[in-house]
Amino acid sequence: MTDRMQVFQERLQRELEETQARIAQLRERLETKADYGPGRGDPAIYQWEFNLALLERAEAQMREVRAALARLENGTYGMCQKCGRPIDDERLEFLPLAAYCIRCAQPPKKAGRL
Ligand SMILES: [Zn+2]
């Protein structure tokens with residue numbers, strides 16, 4: 001593994017640990033489920049649902065970090081998973097989880113122009 005890849009691995013490993021800590025914290029908060037009383041609009045319920053949304057996002061993030069680490073393991077990190085071309089360094093620095101090059105990550109152009 002090159003030094004550069006080592007740097008990414010450390011960065012991703014740290015991110016994985018942080019994400020796992022965040023997930024554990026959110027799960028703990030979610031266990032103390034607010035009493036769903038008859039009164040609607042209880043701020044505790046909103047808070048609970050907000051935490052649930054955060055948890056879902058954190059879990060998705062963890063899957064992405066794990067996938068990126070797996071790509072580092074098998075040597076495909078930094079390559080577009082779609083077209084196989086290398087992903088721009090700048091893009092990887094900014095988005096270490098990027099699995100696609102900028103071209104493939106772009107949404108397909110809408111048919112028909114104005
Ligand atoms: Zn691509």
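Of the 114 residues in the chain, 10% count as buried, in a model that is predicted. The chain contains 4 helices and 0 strands, and its elements follow one another along the sequence in the pattern α-α-α-α. Among contacts in the chain with a separation of 6 or more, 54% are made by residues 24 or more positions apart.

**Packing of H1 against H2**

- Helix H1, which covers residues 3-31, and helix H2, which covers residues 43-73, have axes that come within 9 Å and cross at roughly 155 degrees.
- Because angles over 145 degrees count as roughly antiparallel, H1 and H2 are therefore roughly antiparallel to each other.
- The crossing in which H1 passes H2 is left-handed, and the contact between the two helices, sorted by residue class, has 17 nonpolar, 5 polar and 6 charged residues.

**Helix H1**

- The 29 residues of H1 should span 42 Å at 1.5 Å a residue, and this agrees with its end C-alpha atoms, which are 42 Å apart.
- The residues Phe8, Leu12 and Thr19 are buried in H1, and what covers the buried residues of this helix includes H2.
- An α-helix has 3.6 residues a turn, so residues three or four places apart point the same way.
- Ala21 also belongs to helix H1, but Ala21 is exposed, because 11 other C-beta atoms lie within 10 Å and a residue counts as exposed if that number is 12 or fewer.

**Helix H2**

- Helix H2 has 31 residues and reaches 45 Å from its first C-alpha to its last, which is close to the 45 Å expected at 1.5 Å a residue.
- After H2 comes Gly75, a residue whose phi is positive, near 80 degrees.

- Ala21 and Ala58 lie 37 residues apart along the chain, and their C-alpha atoms are separated by 9.9 Å.

Terms used. Residues numbered from 1 in each chain as written. Predicted model: local features only at pLDDT ≥ 70, side-chain atom pairs only at ≥ 80, totals over all residues. Helix = DSSP H or I, 4+ residues; strand = E, 2+ residues; numbered from the N terminus. Buried ≥ 20, exposed ≤ 12 C-beta atoms within 10 Å, placed from the backbone. Contact = placed C-beta atoms within 7 Å. Axes fitted to C-alpha atoms, helices over the stretch in contact; angles between N-to-C directions. Parallel < 35°, antiparallel > 145°, perpendicular 65-115°, else oblique. Left-handed = near helix turned anticlockwise from the far one by under 90°. Nonpolar A, V, L, I, M, F, W, Y, C, P; charged D, E, K, R; others polar. Expected span 1.5 Å × (residues − 1).
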